[in-house]
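Please read the report below alongside the sequence and the three-dimensional view, which are placed just ahead of the text.

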Amino acid sequence: MSIYDFTVKTKRGEDKSLSDYRGKVLLIVNTASKCGFTPQFEELQKLYDAYKARGFEILGFPCNQFAGQEPGSNDEVQQFCKLNYGVTFTIFAKGDVRGETAQPLFKYLTAQKKFAGFDMNHPIAALLLDALQKNFPEYLAGDGIKWNFTKFLIDRNGEVVARFEPTTTPASIAKDIEQLL
Amino acid sequence: MVKVYSFDGCPWCDKVKKYLTARGVEYEVRDIEENADFAAECEKISGDLTVPVTTIDGKNFVLGFDKRKIDELLATA
């Protein structure tokens, strides 16, 4: 079993085999929310612009499972959302990424790389943890996806080499990508 | 008529809609993800594709879920 055995749905509902990405370095992200962690969209685009010529792809999987569940509702979180126009990396069809209804790809990814905690130095980490503990304690248990913008790094052989939580910014993983290119 | 520019999956948009409903204010939802014309209108009003944008006349608007500002906007109607 490898990442290349999975087939996912494009935005238009067509099947796309991940074996089409054989030999590339991939970053697989559950993007969905255009709120809260929105800066990550811009940072992901920067990574894509910087490395796509060297065989790097970002695969975004929108998911509504965390919609309406913004961490906190105070001034620390912006109270508006931005449409993700201008993103040129691939965005696939909306689908679930955690729980029973999760897409098989995400069940595989979370089994390969387990949850190792949030980076509590990230400005939103405390809010996120608090919101999860209060409202969705079950999300914190196990290795399932905790929130939007969980990132999985795949090497050129299809090996899942790293998992980065929402509290790790895309900019800070540039060095990890470079190592694989 | 109050117009709320929004898109599906935007929690702040939902909050604005719920707040308007609770106040008994009628409003029209304009989805900027589904409709390119609405997206262009939204960008013209606020200068960006950020939502929720609440407006009555297409000139004065409130960006985000800000009850006080929404109350002020409604008071001008």
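In which strand is Thr55(B) found? Thr55(B) is found in strand β4 of chain B, where helices (H or I, at least four residues) and strands (E, at least two) are DSSP runs numbered from the N terminus. This is a predicted model, in which local features need pLDDT of at least 70 and side-chain atom pairs count only at pLDDT 80 or more, while totals for chains, interfaces and linings use all residues. Residues are numbered from 1 along each chain as its sequence is written, chains are lettered from A and ligands numbered from 1 in the order in which they are written, and side-chain values use heavy atoms, with hydrogens and water left out.

Thr55(B) counts as buried because its relative accessibility is 0%; buried means under 20% relative accessible area, exposed means over 50%, and partly exposed lies in between (1.4 Å probe, protein chains only). Leaving out residues up to four places away in sequence, Thr55(B) touches Met1(B), Val2(B), Lys3(B), Tyr5(B), Ile45(B), Asn60(B), Phe61(B) and Leu73(B), a contact being heavy atoms within 4.5 Å. A polar atom of the Thr55(B) side chain also lies 2.8 Å from the backbone nitrogen of Gly58(B).

In chain B, four strands form an open sheet of mixed pairing, in the order β2-β1-β4-β5; two strands pair if DSSP finds at least two bridges between them. The edge strands, each pairing on one side only, are β2 (27–31) and β5 (61–63) of chain B, and the twist averages 20° from one strand to the next. Helix α3 (residues 67–75) of chain B packs on this sheet and touches β1, β4 (53–55) and β5 of chain B, its direction making about 170° with that of β5(B); axes are lines fitted to C-alpha atoms, for helices over the stretch in contact, and angles run from 0 to 180 degrees between N-to-C directions. Strand β1 (residues 2–6) of chain B runs parallel to β2(B) and is joined to β2(B) by five bridges, and within this pair Tyr5(B) has Arg30(B) as its bridge partner.

**Cysteines**

How many disulfides are there over all chains? The count comes to one, a disulfide being a pair of cysteine sulfur atoms within 2.5 Å. The disulfide is formed by Cys10(B) and Cys13(B), whose sulfur atoms are 2.3 Å apart, and the link is right-handed, with 80° about the S-S bond.

| Residue | Relative accessibility | Class |
|---|---|---|
| Cys10(B) | 0% | buried |
| Cys13(B) | 0% | buried |
| Cys42(B) | 0% | buried |
| Cys63(A) | 1% | buried |

Cys42(B) is in no disulfide, and the nearest cysteine sulfur, that of Cys13(B), is 9.1 Å away.

**Nonpolar cores**

In soluble globular proteins, nonpolar side chains tend to be buried together. A nonpolar core is here a set of buried Ala, Val, Leu, Ile, Met, Phe, Trp, Tyr and Cys residues joined through side-chain atoms within 4.5 Å. The largest such core has 28 residues, and those with the most contacts inside it are Ile3(A), Ile28(A), Leu105(A) and Leu109(A). The elements that give two or more residues to this core are β3 (25–29), α2 (104–112), α3 (125–135) and β7 (151–154) of chain A, with α2(A) giving the most, four residues.

**Strand β4 of chain A**

Strand β4 (residues 56–60) of chain A is largely enclosed by the rest of the structure, because five of its five residues are buried. Both faces of β4(A) are covered, with Phe56(A), Ile58(A) and Gly60(A) buried on one side and Glu57(A) and Leu59(A) buried on the other. β4(A) pairs with β3(A) in the parallel sense over five bridges, and Val25(A) stands opposite Phe56(A). β4(A) also pairs in the parallel sense with strand β6 (residues 90–91) of chain A, over two bridges, where Ile91(A) is the bridge partner of Gly60(A).

How values were computed:
A polar contact is a pair of N or O atoms within 3.5 Å; within protein, one must be able to donate a hydrogen and the other to accept it, and residues adjacent in sequence count only if both atoms are side-chain atoms.
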